[in-house]
Amino acid sequence: MKGRILTVAALIAASAFCFAAADGSWLKKVPQADRERVNPFAGQPGAAAAGENLFRNNCAKCHGAEAQGKGSRPSLRSERLAAATDGEIAWIIKNGQMYKSMPSWGGLPEPQRWQIVTYLRSLNPPVRPEERVAAQEAPK
Ligand code: HEC
């Protein structure tokens, strides 16, 4: 009996882990050098359009055609992404969060990953730098 209760408790704990809401904890893992990387295509409309195509083909099935989010997959139009640096967004695209079902896109050529960053940035204009720091330090 005790064993069964423990099994049930373990299953509940495991499912809570699987469906944990996206909480932005990945931001804490990004190395400083990656955080500061500069998007070579920043602000280029052509790159944003190319990134939008790549997004439709690779990302929309989880994040929604308009990046609005889908089920437990977070919206990519958010204060969190507005507060993130281009380098941080590039980092999660490259590395993913495998244990939370965000795949790694390290197989895409780097310029294509920056095009996607340019597209996501066009949806999330950056907040002022001092706000950016405050948003990252605020308790999640
Ligand atoms: C198989 C489903 C899936 C696909 C495909 C996918 N993602 Fe994700 N993505 C997720 C999940 C789940 C999370 C939440 C991870 C977490 O909680 O840390 C996430 C998180 C993110 C985040 C961080 C969002 C935040 O607010 O913390 C970004 C940025 C992102 N994905 C971009 C992309 C891009 C760009 C692509 C396509 C190249 C893509 N994703 C493809 C499932 C997916």
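Predicted model: local features only at pLDDT ≥ 70, side-chain atom pairs only at ≥ 80, totals over all residues.
Colleague: Which residues have the most contacts inside the largest nonpolar core?
Modeller: They are Ile89, Ala90, Ile93, Ile116, Val117 and Leu120, in a core of 21 residues. At least two residues of this core come from each of α3 (45-58), α5 (79-83), α6 (86-95) and α7 (110-123).

Colleague: What is isoleucine 116 in contact with, leaving aside its neighbours within four places in sequence?
Modeller: Its contacts are Gly51, Leu54, Phe55 and Ile93.

Colleague: Staying with α7, which elements do its buried residues pack against?
Modeller: They pack against α3, α5 and α6. The buried residues of α7 include Trp114, Ile116, Val117, Tyr119 and Leu120, and also Arg113 and Arg121.

Colleague: What span should α7 have, and how far apart are its end C-alpha atoms?
Modeller: α7 has 14 residues, so at 1.5 Å a residue it should span 20 Å; the end C-alpha atoms are 20 Å apart, which agrees.

Colleague: Changing topic, which residues come nearest to the ligand?
Modeller: Ala22, Cys59, Cys62, Lys100 and Met102 come nearest, out of 24 residues around the ligand. The elements giving two or more residues to this shell are α4 (60-63), α5 and α6.

Colleague: How do the residues of that shell divide into nonpolar, polar and charged?
Modeller: The shell around the ligand has 14 nonpolar, 6 polar and 4 charged residues.

How values were computed:
Residues numbered from 1 in each chain as written. Core = buried A, V, L, I, M, F, W, Y, C linked by C-beta atoms within 7 Å. Buried ≥ 20, exposed ≤ 12 C-beta atoms within 10 Å, placed from the backbone. Helix = DSSP H or I, 4+ residues; strand = E, 2+ residues; numbered from the N terminus. Contact = placed C-beta atoms within 7 Å. Expected span 1.5 Å × (residues − 1). Near = placed C-beta within 6 Å. Nonpolar A, V, L, I, M, F, W, Y, C, P; charged D, E, K, R; others polar.
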